Every structure is written in C-alpha cells, then in structure tokens.
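Here is a friendly walk through a few local features of this structure. Keep the sequence and the 3D view at hand as you read.

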Amino acid sequence: LIHFYKRLRMEDMVGEWKLENRDSNFGQFLQCRRVNWFLRQMMTSSKADVEYKLSEDKGTFTKVTRSMMRTSEYPMPTEGEFCPLKTLSGEQEFGRLMETSGGNVILEMNYVESGENAATISHKVEDGKLHVSLKVLHSYGRFPSLIYVYSSCGNNEIHTD
C-alpha cells in the first residue's frame with residue numbers, strides 16, 4: 001500500500017518575508033483597487049514585510065503585515081469562500097484561496113455588489129524568494145501585473161519536491 005502525501009503550497013509560504021522589491025506602479029494598482037487617496041499615500045510611502053501562518057488543522061491561512069506604522073492580520077479559510085471584515089476599498093468583497101498544480105497559491109477577490117473582480121493575487125516560492133503578482137480587472141481593462149519579491153528572513157522551512 002502506497003500513501004501519497006499532498007503538501008499544501010501554502011506551507012511553502014509559512015514564515016517571515018522581508019520586502020526586497022516592489023514595482024513602481026503600486027499606487028496605480030491601489031487606485032484601481034478603489035483605495036482612498038490618504039491610505040494610498042501611506043501604503044506607497046512605507047515598506048511592509050509579511051509573515052504567513054497556517055493553522056495546525058490547515059483550515060486557516062493568515063497573512064500578517066508589519067510596517068513602521070502598524071501590524072495587521074488577515075485570516076483566510078483554506079477552503080471555500082470568505083468575506084473579510086475589512087477590505088482595501090472599504091467595499092464588501094468575497095474571496096477564495098486556491099492552489100494550482102503549477103505551485104501557485106492564488107487569492108481571488110471580487111466585489112459583493114457587482115461580482116466584478118477586485119484583484120487576483122498569485123504567490124509562488126522560487127529559489128528561497130516569495131514572488132507575488134497582483135492583477136486587477138478594471139472597467140477599462142486589465143491593469144498590468146504588479147510584482148513584489150520577498151526574501152526569506154531565515155526562519156522559513158524551504159520545501160523541495
């Protein structure tokens with residue numbers, strides 16, 4: 001009898017990550033995400049590092065964002081849709097986490113009122129770095145991808161299989 005252990009790609013992301021590089025069009029991305037001017041100014045003028053946690057039962061995946069100004073936690077169920085209490089736009093959104101066979105963890109967020117895509121965020125760990133690609137479908141077309149690159153803070157367990 002052979003048992004196959006399916007490791008979650010989310011497990012690759014667990015640990016602390018330091019922001020290494022962010023595209024210069026971050027402010028435009030936030031504007032397309034309907035983020036108010038004041039919050040956009042705060043977010044574009046600071047750097048935030050992230051930590052990802054996976055609950056012991058693997059039912060909740062939490063993103064912790066740390067900057068000089070604040071620390072925030074964003075818990076997400078690993079299965080099914082969810083509605084976060086707070087959103088960047090201040091509008092009600094619903095989302096879903098998915099893992100792809102290509103090793104990506106995808107977070108898709110949509111506006112409750114219209115069903116329109118708010119953002120699609122793809123995460124992948126490659127060569128010890130966390131690559132995050134953010135896309136938004138705006139009423140006038142798809143916004144170009146925004147790329148973040150995070151380096152491991154050294155306490156992350158890197159899986160290879």
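## An edge-to-face pair

Y74 is partly exposed, its relative accessible area being 24%. Please keep in mind that the model you are looking at is predicted.

How many aromatic pairs are there? The count comes to 2. In one of them, Y52 and F61 are stacked, with 5.3 Å from centre to centre and 10° between the planes. Y74 belongs to an aromatic pair with F82, and this one is edge-to-face: the centres lie 6.3 Å apart and the planes make an angle of 75°. F82 counts as buried because its relative accessibility is 9%, under the 20% cut-off.

Are Y52 and F61 buried or exposed? Y52 has a relative accessibility of 3%, so it counts as buried. F61 is buried as well, at 1% relative accessibility.

## An arginine over a ring

Turn next to Y111 in your viewer. R34 lies over the face of Y111, and its distance from the ring centre is 3.9 Å.

## A methionine in a loop

Where does M68 lie? Look in the loop that runs between β3 (60-66) and β4 (71-77). M68 has a relative accessible area of 86%, so it is exposed, the cut-off being over 50%.

M68 also has S46 to compare with: 22 residues separate the two in sequence, while their C-alpha atoms are 7.6 Å apart in space.

How values were computed
Residues numbered from 1 in each chain as written. Predicted model: local features only at pLDDT ≥ 70, side-chain atom pairs only at ≥ 80, totals over all residues. Heavy atoms only, no water. Helix = DSSP H or I, 4+ residues; strand = E, 2+ residues; numbered from the N terminus. Buried < 20%, exposed > 50% of the residue type's maximum accessible area, 1.4 Å probe, protein only. Phe/Tyr/Trp six-rings, centres within 6.5 Å; stacked < 30°, edge-to-face > 60°. Lys NZ or Arg CZ within 6 Å of the ring centre and 35° of its normal.
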